Amino acid sequence: MAANMYRVGDYVYFENSSSNPYLVRRIEELNKTANGNVEAKVVCLFRRRDISSSLNSLADSNAREFEEESKQPTMTEQQRHQLKHRELFLSRQFESLPATHIRGKCSVTLLNETDILGQYLEKEDCFFYSLVFDPVQKTLLADQGEIRVGCKYQAEIPDRLAEGESDNRNQQKMEMKVWDPDNPLTDRQIDQFLVVARAVGTFARALDCSSSIRQPSLHMSAAAASRDITLFHAMDTLQRNGYDLAKAMSTLVPQGGPVLCRDEMEEWSASEAMLFEEALEKYGKDFNDIRQDFLPWKSLASIVQFYYMWKTTDRYIQQKRLKAAEADSKLKQVYIPTYTKPNPNQIISVGSKPGMNGAGFQKGLTCESCHTTQSAQWYAWGPPNMQCRLCASCWIYWKKYGGLKTPTQLEGAARSASEPHSRGHLSRPEAQSLSPYTTSASRAKLLAKNRQTFLLQTTRLTRLARRLCRDVLQPRRAARRPYAPINANAIKAECSIRLPKAAKAPLKIHPLARLPLAAIVKELAAQAPLKPKTPRGTKTPINRNQLSQSRGLAGLVGKRGYEGAGEGHRPPRVGASGLPFSANGRPLAAGLRAGPPPASKRQKLNPADAPNPVVFVATKDTRALRKALTHLELRRAARRPNLPLKVKPGLPLRPGGALAPSAPPHPASTSEPIVLED
């Protein structure tokens with residue numbers, strides 16, 4: 001019963017979406033509407049996921065300063081990740097929400113330097129805040145209500161003087177004497193002098209034109225002259241004249257006329273007082289905001305003095321009575337029963353009826369947070385095309401704290417569903433498309449979206465981390481498996497440790513002797529000279545020699561093998577080991593088919609998939625060069641295309657299988673044309 005009773009001042013969870021986390025709000029008022037429903041006027045508190053990345057970095061720097069000043073115990077990366085979910089940002093924004101959307105209570109406290117951050121992780125539904133977020137200005141400021149507790153805020157009390165020891169400090173610099181109780185005047189004489197000071201003040205207001213407008217009657221002028229500012233001036237006059245009544249009275253009325261003393265109540269106009277009451281209703285006793293938004297021409301000391309004088313007026317007493325009567329008419333508490341309706345994101349089990357929510361999810365998916373495979377209930381999480389899900393405990397954590405238990409890259413993808421501007425990573429379909437275990441059909445479905453060109457530019461710190469943390473990064477392994485995730489946080493942490501040590505010793509850089517660009521272009525032009533462009537309407541020349549070459553695809557049209565070929569058909573080539581050669585010139589292993597592949601297996605070149613509208617057709621010499629390379633040399637050349645290729649000239653094969661004598665080196669320019677298709 002007490003758990004479902006919500007009162008003014010409680011911090012509660014509000015649910016505005018079935019898939020998004022709860023909103024954390026503080027109840028300010030409970031109002032009953034005309035149709036009988038209850039609405040709650042609440043103060044908004046924001047999470048880290050609700051503010052921009054620049055403000056998040058500002059909050060991180062503030063958190064680091066707090067840890068250094070308060071000397072917090074060390075925490076793991078997972079604890080730091082979960083601690084960010086417990087941090088909230090207070091705001092001055094109000095909103096009205098239906099009370100039926102309340103989903104439970106929570107605790108929000110102001111962070112103190114005596115607190116231990118790890119204690120917030122041990123308690124359920126416990127949050128803290130230290131900064132104030134302005135949704136309009138998009139700024140983060142320190143909260144002014146901080147309680148200053150600690151050794152640096154305490155006064156240093158000097159040692160007590162011994163008996164008979166004199167104080168050698170200069171008392172005039174430390175304090176100023178404004179009244180002497182052992183003066184020669186009696187109390188009656190002092191009271192008479194104060195009456196004279198009030199009379200002089202009333203007469204001075206009668207002579208002042210502005211005062212006669214503000215206090216048109218004699219009673220109002222006399223009441224204003226009886227305020228504390230007149231009494232303080234009279235007592236200060238006695239102290240400065242050595243408690244001589246004759247000198248003090250002459251000081252009250254100098255040669256130019258009587259002295260007029262005013263306080264803040266007289267200096268402020270009626271319109272300024274109305275602005276102050278309006279600001280006090282909105283901001284409370286936050287005088288900095290009152291001065292900034294309502295009274296920028298007033299000083300902070302003037303506003304504070306006016307506030308305490310305003311509290312002594314009848315205006316303050318009337319407003320206090322009106323607020324008390326208004327509070328009695330409002331609701332003090334409201335009972336909200338426990339919400340028991342099923343969540344729409346709940347995944348129905350396999351045995352349920354088809355077509356219900358949860359159908360279409362792949363089997364064997366694990367929880368995106370704790371990676372468990374067993375749970376009493378599963379919930380769909382993130383964008384629908386990602387097919388992600390959470391277990392029951394991680395779903396409750398997501399709804400309450402707005403994040404996952406473990407740091408993951410997909411947590412930002414779920415946030416990008418509601419914030420399309422915050423995408424800074426690969427989506428799940430793109431990551432799955434890079435996996436070698438994904439079939440071509442499923443890859444085509446995953447990459448059905450429009451492809452966009454993007455550029456990844458590395459920073460200097462990233463390039464340093466690649467050199468310093470080569471053993472942790474393993475760049476060769478990462479290049480072979482681009483779909484596997486890389487723990488960037490571990491690499492950053494290791495780089496920050498090694499960087500100070502590596503800065504003392506210079507890095508060993510092996511310079512590479514690269515040819516100038518002009519020499520490379522000249523060499524490429526000599527090896528592959530371009531023919532003049534064929535005029536439109538003429539046929540492209542075809543090399544007859546290429547038609548007579550056998551590429552191992554003779555059976556592409558006919559289904560018969562070499563055994564059933566006619567007399568004019570050339571038999572397959574046979575190597576020295578007796579095994580037939582495949583299409584690329586290497587002997588086939590035992591058990592592999594030596595016949596031509598079927599027509600459906602042949603790979604055709606699709607111009608749409610080419611990165612450039614230029615297609616390079618290999619020449620006869622290029623194909624012969626590939627045959628002369630071993631499998632290891634081919635892989636090495638593919639990994640390092642910038643290095644020159646050194647190949648020993650091989651011996652070509654005759655149709656009978658015997659080795660032909662070595663031919664002279666082929667000139668750079670061949671008789672075969674190079675066809676460039678645009």
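## Rings that pair up

Two rings of Phe, Tyr or Trp (for Trp, its six-membered ring) form a pair if their centres lie within 6.5 Å; planes under 30 degrees apart count as stacked, over 60 as edge-to-face and the rest as tilted. With that in hand, here is a cluster to look for: ring pairs link Trp268, Phe276, Phe287, Phe306, Tyr307, Tyr308, Trp310 and Tyr316.

## About the model

What you see is a predicted model, in which local features need pLDDT of at least 70 and side-chain atom pairs count only at pLDDT 80 or more, while totals for chains, interfaces and linings use all residues. Residues are numbered from 1 along each chain as its sequence is written, and side-chain values use heavy atoms, with hydrogens and water left out.

## The chain as a whole

The protein chain has 26 helices and 12 strands. Both are DSSP runs numbered from the N terminus: helices are H or I with at least four residues, and strands are E with at least two.

Of the 678 residues of the protein chain, 27% count as buried. Buried means under 20% relative accessible area, exposed means over 50%, and partly exposed is in between (1.4 Å probe, protein chains only). A contact means heavy atoms within 4.5 Å. Among contacts between residues at least 6 apart in sequence, 62% join residues at least 24 apart.

## Two aromatic pairs up close

The structure holds 19 aromatic pairs. In one of them, tyrosine 120 and phenylalanine 128 have ring centres 4.9 Å apart and planes at 50°, so the pair is tilted. Tyrosine 120 is buried, at a relative accessible area of 7%, and phenylalanine 128 is buried too, at 4%.

Tyrosine 379 and tryptophan 395 form a stacked pair, with 4.9 Å from centre to centre and 5° between the planes. Tyrosine 379 sits in strand β11 (residues 378-381) and tryptophan 395 in helix α15 (residues 392-401), so this pair ties together parts that are 16 residues apart in sequence. Tyrosine 379 is buried, with a relative accessible area of 14%, and tryptophan 395 counts as buried at 5%.

Two packed helices are described by the angle between their axes and the distance between the axes. Axes are lines fitted to C-alpha atoms, for helices over the stretch in contact, and the angles run from 0 to 180 degrees between N-to-C directions. Angles under 35 degrees count as roughly parallel, over 145 as roughly antiparallel, 65 to 115 as roughly perpendicular and the rest as oblique. A crossing is right-handed if the near helix is turned clockwise from the far one by less than a right angle, and left-handed if anticlockwise.

Helix α5 (residues 187-207) packs with helix α9 (residues 245-252) at about 15°, their axes 11 Å apart. The two are therefore roughly parallel, and α5 passes α9 in a right-handed crossing. Gln189, Phe193, Val196, Ala197 and Val200 of α5 meet Leu245, Ala248, Met249 and Leu252 of α9. By class, this contact has 8 nonpolar, 1 polar and no charged residues. Here Ala, Val, Leu, Ile, Met, Phe, Trp, Tyr, Cys and Pro count as nonpolar, Asp, Glu, Lys and Arg as charged, and the others, Gly among them, as polar.

With helix α7 (residues 218-225), α5 packs at an angle of about 130°, the axes being 8 Å apart. The two helices are therefore oblique to each other. On the α5 side the contact involves Arg198, Gly201, Thr202 and Arg205, and on the α7 side Leu218, Ser221, Ala222, Ala224 and Ala225. By class, that gives 4 nonpolar, 3 polar and 2 charged residues.

## Two single residues

Cysteine 469 is found in the loop between α19 (460-468) and α20 (470-473). Cysteine 469 is buried, with a relative accessible area of 0%. Leaving aside neighbours within four places in sequence, cysteine 469 is in contact with Ile491, Glu494, Cys495 and Arg498.

Proline 98 belongs to strand β5 (residues 87-98) and counts as partly exposed at 32% relative accessibility. Not counting residues up to four places away in sequence, proline 98 touches Phe14 and Val38. The C-alpha atoms of proline 98 and leucine 30 are separated by 9.7 Å, although the two residues are 68 residues apart along the chain.
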